[in-house]
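Welcome, and please take a look at the model below. The tour that follows goes through its strands, helices and rings one topic at a time.

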Amino acid sequence: MKILAIESSCDETAAAVVEDGAKVLSSVIASQIEEHRLYGGVVPEIASRRHCESITAVVSQALSDASLSLNDIDAIGVTAAPGLIGALLVGVNFAKGLALAANKPLIPVHHIRSHIAANYLSNPHLKPPFLCLVASGGHSHIIEVLTYTDFKVIGRTRDDAAGEAFDKVARAIGLGYPGGPKIDKVSKEGNPDAIVFPKAKLEDPYDFSFSGVKSAVLNHINRCKMQGEEICEADIAASFQKAVVDTLVEKAVKAAKEHHMDKLAIAGGVASNSALRQAMKEACEREHIQFYYPSPIFCTDNAAMIGVAAYYEYKKGVRHGWDLNAVPNLKLGER
């Protein structure tokens, strides 16, 4: 079964053709990073306009790269939630028009479900149930993956997501946008034990809070400036990254153990962070937990993961009519 998948939830316009939820026949991504870099983050209105300009060419390229025509496609999957409303609407409306014109089934896909599904592309033998840590610019969740289409959130962020905190700290120390890859790179030159940044203590042992560590970094920088002390960007980046990574690893591994899961996966943009991967690998080895992660290209937003999630939704019988709408804040368990 071949699914044409479309993704436009934030600042990447993407399309892919995925066969049987496992084989990527094509994957095309038009990134807007360079433009949004000028503003230090994603500007929703600009993102929506660029999606409008790019989506036709991106979808056409995905079909061409797969050596297929629209007639060869069995269904069309599209990210319908969550994300930036304007950006989502571009993809949803394009997919609806395409599905209607070609008389193809339309499958709405939840963005977080897709990030989890990215693991199936890099780990063909991975099957539910397992636990997954989803860490990205907009989300920090610990999720029980019960089946390919059934999920239970057992932990989430109370404020800033991990990726959002990376972006804000990177901006504060002058690294620019996007912050995650830049902090990961600079941290290799710094001492992660140079500064002890705080880790939030919450009543719910699986929930996250990263606003405190972000504020602690800003306070440290301001204090150094006021006292005329040297600011070492590499040490700050490494120490901040350690605080975030330690928190993500500790809570995810604790959740896996207490929920009797012997498989733990990570997903989302932050899942490409080298320190997180290494720390999670070491922790899972100590606790005899199997560790899985997607290839870096499938960690950031892409349409291949949408195609995988759409395949399993299709198998479950999920279809949608032409009244499909974008929902910017749809929770994982809702439809």
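Which strands does α2 lie across? Helix α2 lies across β1, β2 and β3, and runs at about 25° to β2. Angles here run from 0 to 180 degrees between N-to-C directions, and axes are lines fitted to C-alpha atoms, for helices over the stretch in contact.

## Before you start

This is a predicted model, in which local features need pLDDT of at least 70 and side-chain atom pairs count only at pLDDT 80 or more, while totals for chains, interfaces and linings use all residues. Residues are numbered from 1 along each chain as its sequence is written, and side-chain values use heavy atoms, with hydrogens and water left out.

Helices (H or I, at least four residues) and strands (E, at least two) are DSSP runs, numbered from the N terminus.

## The open sheet

Look for an open sheet of five strands with mixed pairing, in the order β3-β2-β1-β4-β5. Two strands pair if DSSP finds at least two bridges between them. β3 and β5 (106–110) stand at the edges with a single partner strand each, so one side of each has no neighbour in the sheet. On average, neighbouring strands of this sheet are turned by 20° against each other, direction ignored.

Helix α10 (residues 304–316) also lies across strands of this region: β1, β2, β3, β4 (75–81) and β5. Its direction is at about 125° to β1.

## Two hairpins around β2

Strand β1 (residues 2–7) and β2 run antiparallel and are joined by six bridges. Together β1 and β2 form a hairpin, with four residues between them. To follow the pairing by eye, find A5, which stands opposite A16 in β2, and then I6, whose bridge partner in β2 is A15.

Is strand β2 mostly covered or mostly uncovered? Strand β2 (residues 12–19) is mostly covered, as seven of its eight residues are buried. Buried means under 20% relative accessible area, exposed over 50%, and partly exposed in between (1.4 Å probe, protein chains only).

## Two helices that cross

Two packed helices are described by the angle between their axes and the distance between the axes. The axes of helix α2 (residues 44–65) and helix α3 (residues 85–102) come within 9 Å and cross at roughly 30°. α2 passes α3 in a right-handed crossing; a crossing is right-handed if the near helix is turned clockwise from the far one by less than a right angle, and left-handed if anticlockwise.

On the α2 side, the contact (heavy atoms within 4.5 Å) is made by S48, H51, C52, I55, T56 and V59. From α3 come G86, A87, V90, G91, F94 and L98.

## Aromatic rings

How many aromatic pairs are there? The count comes to eight, where rings of Phe, Tyr and Trp (its six-membered ring) pair if their centres lie within 6.5 Å; planes under 30 degrees apart count as stacked, over 60 as edge-to-face and the rest as tilted. The rings of Y120 and F130 are edge-to-face, because their planes stand at 85°, with centres 6.2 Å apart. This pair links distant parts of the chain, with Y120 in helix α4 (residues 111–122) and F130 in strand β6 (residues 130–135), ten residues apart. Y120 is buried at a relative accessible area of 7%, and F130 is buried at 0%.

Y311 and Y312 form another edge-to-face pair, 5.1 Å centre to centre and 75° between the planes. Both of these residues, Y311 and Y312, are buried. Ring pairs link Y120, F130, Y148, Y311 and Y312 into a cluster.

A283 lies in helix α9 (residues 274–286) and counts as buried at 4% relative accessibility. A283 touches V249 and V253, not counting residues up to four places away in sequence.

H220 belongs to helix α7 (residues 211–226) and is buried, with a relative accessible area of 14%. Its contacts, leaving out residues up to four places away in sequence, are I195, F197 and I236.
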